[in-house]
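Hi everyone, thanks for making time for this.

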Amino acid sequence: MADSQWKDKLNPAQDDVVTLLSNLITGKLLDVLLSKGLLNDEKYAKLLKMKENKADAEVARQLVQMLTSLPAPAYDTFCSSLDKVHGGQDVLKRLQMGTPSTAATTVLTSVASTSPTVSELDEIITADHIRTLHLKIAFAWKKVANFLGPRHLSHDEIKSLKKTKDLDDDDERCEEMLFRWRAKQEKAGRPGTARDVLKALLHIDVALKDVAEDVFTSKTVELFYQN
């Protein structure tokens, strides 16, 4: 299913899905989404805290917003996750209906307006990002590799990059490292995002803030600090 197809399927059902999800927000659901790679540890902890504060509707809105920022394979992963949770079938049935209800005519922009920082920080890392980024951080590629998450490259994977004869210098090693990291995130069903890269860069050295602003925008970096 193409990205636009499943997002079109989710959008008209959005209000209904949020309502249904808010009725079944449980620790188990969040655990399943974490195990499926749809949530990283940071997002999981944030949503769990919100749930503990009984903000179930906000958790549901955050989940819907998160889903629309992921590629098409995430839709099937989300559906299989719902199937493992009591009450999840109701959400699946609503998604399968596809047609909007009167209460569901407010689409994705209504959620985005309540959470304006999500789309920019959760921008998916593209090949263009990598081609720009690797030239600026090649000198620190091993440190970056160690901190890039949520699914880090193993020490053996990093060592193999150092030993690969086809990679002539740190520029090439850094580029290959970033592509392997991105592929690892995508394989788990949760693509690498701007937030992931910013977290790694700014943890290593605040001086890399200039690099982050060149690759993304100063506004995105500022939003990262605020969140």
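This is a predicted model: local features need pLDDT of at least 70, side-chain atom pairs count only at pLDDT 80 or more; totals for chains, interfaces and linings use all residues.

Residues are numbered from 1 along each chain as its sequence is written, and side-chain values use heavy atoms, with hydrogens and water left out.

Let's start with the whole chain. The protein chain has 16 helices and zero strands; helices (H or I, at least four residues) and strands (E, at least two) are DSSP runs, numbered from the N terminus. Of its 227 residues, 46% count as buried, and buried means under 20% relative accessible area, exposed over 50%, partly exposed in between, with a 1.4 Å probe and protein chains only. Among contacts (heavy atoms within 4.5 Å) with a separation of 6 or more, 74% join residues 24 or more positions apart.

Now the cores. In soluble globular proteins, nonpolar side chains tend to be buried together. A nonpolar core here is a set of buried Ala, Val, Leu, Ile, Met, Phe, Trp, Tyr and Cys residues joined through side-chain atoms within 4.5 Å. The largest one has 32 residues, and Leu 133, Ile 137, Leu 148, Met 177, Leu 178, Val 197 and Leu 201 touch the most other members. Helix H14 gives the most to this core, with six residues. Leu 201 is in contact with Leu 133, Ile 137, Val 144, Leu 208, Val 211 and Ala 212, leaving aside neighbours within four places in sequence. Apart from this core lies another, of 20 residues, including Leu 38 and Val 91.

Which residues of helix H10 are buried? In H10, residues 127-137, they are Ala 127, His 129, Ile 130, Leu 133, His 134 and Ile 137. Seen down the axis, these fall within an arc of 135°, so they line one face of the helix; the arc is that of the directions from the helix axis to the C-beta atoms. Asp 128 and Leu 135, on the other side of H10, are exposed. The cover over the buried residues of H10 includes helices H11, H13, H14 and H15.

Helix H16 can be read in the same way. Its buried residues are Thr 220, Val 221, Leu 223 and Phe 224, and they fall within an arc of 160° seen down the axis, so they line one face of H16. On the other side of H16, Lys 219 and Gln 226 are exposed. Thr 220 has a relative accessible area of 4%. Not counting residues up to four places away in sequence, Thr 220 touches Glu 120, Leu 121 and Leu 198.

Last stop, the second largest pocket. Its lining consists of Asn 40, Asp 41, Glu 42, Phe 147, Gly 149, Pro 150, His 152, Arg 195, Asp 196 and Lys 199. For the terms: on a 1 Å grid over the protein atoms alone, a pocket is an open set of points where a 1.4 Å probe fits, with protein on both sides within 12 Å along at least five of seven lines, and lining residues have an atom within 4 Å of a point. H14 gives the most to this lining, with three residues. One more detail: the peptide bond from Gly 149 to Pro 150 is cis, with omega near 5°, and Pro 150 sits in the loop between H11 and H12.
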